[in-house]
Amino acid sequence: MKVLKYPLWALYRIWFYILVALPIIVLFPILLISISKEAWYPFFFKLARFWAKFILIGMGFRYQIVREQVPEPKKSYMFIANHTSMTDIMLMLVSVKNPFVFVGKQELAKIPLFGFFYKRTCILVDRSSEKSRKAVFLSAQRRLKQGLSICIFPEGGVPEESIMLDDFKDGAFRLAIKHQIPVVPLTFADNKKRFSYTFFSGSPGKMRVKIHKFLSTEELTIKDTRTLNLEAREVILKQLKVFN
């Protein structure tokens, strides 16, 4: 049986990429129209949520979402979560109905098909470039003024598999304070087990999500960035320990 595991894992990975590409190919003309104007982004977001559900269900993942608080329609938020898997993007889209824009690393724009839409709808950041990081703030400000929300994985990347939760970068919290929008922490419990970045791994099963009570930024100043950062990280870390 051990001999069969590796071919099955390889096929499972290939199947994932087929599921990622298939809706994009089928819906390509509609997707192109939906990204032709920034004002039409909410429609693109609905298509993205369908794409995410299609992938998760097709992979045999059963997502279970517990909400301590529900985001209000037409209100902006800063959504954050722990980052362990390629499926984090899909699970975030499924978990949150408010249209949001991802802030993500620009390397993902190189992925065929997915990257074409990724770089046209997300805010890309080169973390090694200070100029790029400043440009992210300007882009995020513009999107927030349009009534959208922002989503950032504040670890700044996927940590080693032995690390439960890496330190958070300050950018998401600085933005939230500057625009006085609530921070919404989400904990993803099973994504590392279901579909980590290790090639020979993964399996169908449950994906638990906890949407925590919002962290208010009212009356906070930029000086409070680090405090808010640590508070948000502690919320997610505690929940990961409960899940595990």
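This passage walks through the predicted model of one protein chain, from its overall form to a few individual residues.

The model is predicted, so local features are reported at a pLDDT of at least 70 and side-chain atom pairs at pLDDT 80 or more, while totals for chains, interfaces and linings use all residues. Residues are numbered from 1 along each chain as its sequence is written, and side-chain values use heavy atoms, with hydrogens and water left out.

To begin with the overall form, the protein chain has nine helices and seven strands. Here helices (H or I, at least four residues) and strands (E, at least two) are DSSP runs, numbered from the N terminus. The radius of gyration of the chain is 18 Å, close to the 18 Å that the globule rule gives for 244 residues, so the chain is as compact as a globular protein of that length. That radius is taken over C-alpha atoms, and the globule rule is 2.2 Å times the number of residues to the power 0.38. Along the principal axes, the C-alpha atoms fill a box of roughly 60 × 45 × 35 Å.

Of the 244 residues, 49% are buried; buried means under 20% relative accessible area, exposed means over 50%, and partly exposed lies in between (1.4 Å probe, protein chains only). The accessible surface of the chain comes to about 12700 Å², and 61% of this surface belongs to carbon and sulfur atoms. Accessible areas come from the Shrake-Rupley method with a 1.4 Å probe, and for residues only the protein chains shown count as cover. Among contacts (heavy atoms within 4.5 Å) between residues at least 6 apart in sequence, 75% join residues at least 24 apart. The chain has 38 positive and 19 negative side chains, and the centres of the two sets lie 7 Å apart. In this count Lys and Arg are positive and Asp and Glu negative, whereas His and the chain ends are not counted. Each charge is placed at NZ of Lys, CZ of Arg, CG of Asp or CD of Glu.

Strand E7 covers residues 205–211, and six of its seven residues are buried, so E7 is largely enclosed by the rest of the structure. Two strands are said to pair if DSSP finds at least two bridges between them. Strand E1 (residues 61–67) pairs with E7 in the parallel sense over seven bridges, while strand E6 (residues 183–188) runs antiparallel to E7 and is joined to it by three bridges. Lys 210 in E7 stands opposite Val 66, and Thr 187 also stands opposite Lys 210.

Strand E2 (residues 78–81) runs parallel to E5, with three bridges joining them, and Ile 80 has Ile 152 as its bridge partner in E5. Strand E3 (residues 100–105) also pairs with E5 in the parallel sense, over four bridges; here Phe 100 has Ser 149 as its bridge partner.

Gly 104 has its place in strand E3 and is buried, with a relative accessible area of 11%. Leaving aside neighbours within four places in sequence, Gly 104 is in contact with Tyr 118, Ile 123, Leu 124 and Val 125.

Most residues other than glycine have a negative phi. Leu 113, although not a glycine, has a positive phi of about 65°, and at 32% relative accessibility it counts as partly exposed. Glu 219 likewise has a positive phi, near 70°. Glu 219 lies in the loop between E7 and helix H9 (225–243) and counts as exposed at 78% relative accessibility.

Phe 28 belongs to helix H2 (residues 28–34) and is partly exposed, with a relative accessible area of 29%. Phe 28 and Phe 117 are 89 residues apart in sequence, and their C-alpha atoms are 9.8 Å apart in space.
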